[in-house]
Amino acid sequence: MGLDLDFAVRHSGRPAAFMTRRDVARVLLAVPSGQALVALPDLRRQLLAAGNPLTPVFWDSAKAVLTSIESGVATVGDVQRWLESSGTEPIMLTRSYFLWPEESERGPVATEMYERLVEFLEERLTAGEIDADALAAGDPAARHAYEELQERWLGTPLPDGRVPGVVVNDEQDRELYAAWDEEEAFALSELRRVLDDLPEPPFPAADLHSAARRLRVTLTRPGYPGNVLRACAGLEDGDLPEGDEDLWLTVAAGIAAPISDLPDEEDAARFFDMEGELSHEDSILASLCAIHHADWLASVITLVRYGPGVLASPERIARFIADSEDVDVDPDEPEDLEATEMLFTAVTPLWAHLGIVDRSEVLTPLGWWGLPKALERAWSSGPALPD
């Protein structure tokens, strides 16, 4: 389909005389950059004839960004920032770390609020409160004012009492929890299906008692690994389950599905400090929370199939996951295997403290018996989704 004024009108849903810079920018980005560059002069003349000339600064910026795209040097961020410089495009990621969902992933609330913000920005642009030419020229003060305007709107209640930024985040959280619950329920059903076909490992009573006794001491000590294991199991209040089996399974399940975080609310901002570094404990919790259900499922099922004596190092676990016939995963690329291995470097030392693996990272009879039970408990109890 050729890029002409008729296409632009259909794409924007507005008459030519009322098309905004944002409308034109989105039209230009809707077709291949080479096609947009060729059509640019004619589109400019057609808009001028329709009484909507826009400004030379806008057209120059459009030619520059399209040329950059066509030559392959433009980044996604460059294009997004140019679109935002239209003066009526919401900023994708604000300074307060509010992030709009991608257009294809917006729910009804996010769609409504996005459209409301576009309307608000159009009103402010018409009122002269937004300098679109300065935005297109990259003026820092204009960009700062544009960001501040949107930050205030996101945090200001609408006439019906809803706060835009809050209700959008709430909708995203609900969608995330629903997807998480669905994935977890499927993983649990697959775990039970596979375990039904495998022999029940013998109950290692003596090993469990010894491991639980050591674990009770570890959980009372400050610092790693006690603080991480307490956070994973949700035992921050200091009350520990009385039974050895209950305690051990609670902590082992927490490793697969951490219940709480280490930092207090006032410390959470450091997670967004792009120049700072996470503590050792925070990095471990972040790694645990990043492991997918499918990876836990594939690794534990494979370990249970092999039984005691199998090497359970991070490198070996990554290969188990890649080669799994029980779970549909495809970390076949070297970088994918390396990423999985890195995540499980946070797991095996914690397993060692529970006696799931020994000092050589070999699966023990206790790990053979307890890992599938811990995983089933983690996915049956419905712990809170980690932040």
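Biologist: Which charged end sits over the ring of Tyr114?
Modeller: In this predicted model, the charged end of Arg106 is placed over the Tyr114 ring, at 3.7 Å from the ring centre.

Biologist: And which residues lie nearest the centre of the second largest pocket?
Modeller: Tyr114 turns up again there, together with Arg22, Arg26, Glu103 and Glu115, out of a lining of 14 residues. The volume of that pocket comes to about 320 Å³.

Biologist: Which element gives the most to the lining?
Modeller: Helix 6 does, with six residues, while the elements that contribute two or more residues are helix 1 (5-12), helix 2 (21-29) and helix 6 (108-126).

Biologist: What's the lining like by class?
Modeller: Nine of the lining residues of the second largest pocket are charged, three are polar and two are nonpolar.

Biologist: Switching to rings, how many aromatic pairs are there?
Modeller: The count is ten aromatic pairs.

Biologist: Why is the pair of Trp248 and Trp369 tilted?
Modeller: Their planes stand at 45°, with the ring centres 6.0 Å apart, so the pair is classed as tilted, because only angles under 30 degrees count as stacked and those over 60 as edge-to-face.

Biologist: Where in the chain are those two?
Modeller: Trp248 belongs to helix 12 (residues 244-256) and Trp369 to helix 18 (residues 365-380), so that the pair links distant parts of the chain, 121 residues apart.

Biologist: Is Trp248 buried or exposed?
Modeller: Trp248 is buried, at 0% relative accessible area, and Trp369 also counts as buried, with 3%.

Note on methods:
Residues numbered from 1 in each chain as written. Predicted model: local features only at pLDDT ≥ 70, side-chain atom pairs only at ≥ 80, totals over all residues. Heavy atoms only, no water. Phe/Tyr/Trp six-rings, centres within 6.5 Å; stacked < 30°, edge-to-face > 60°. Helix = DSSP H or I, 4+ residues; strand = E, 2+ residues; numbered from the N terminus. Buried < 20%, exposed > 50% of the residue type's maximum accessible area, 1.4 Å probe, protein only. Lys NZ or Arg CZ within 6 Å of the ring centre and 35° of its normal. 1 Å grid on protein atoms, 1.4 Å probe; cavity = no way out; pocket = protein on both sides within 12 Å on 5 of 7 lines; lining within 4 Å. Points joined across faces, edges and corners; volume = space filled by probe spheres on them. Nonpolar A, V, L, I, M, F, W, Y, C, P; charged D, E, K, R; others polar.
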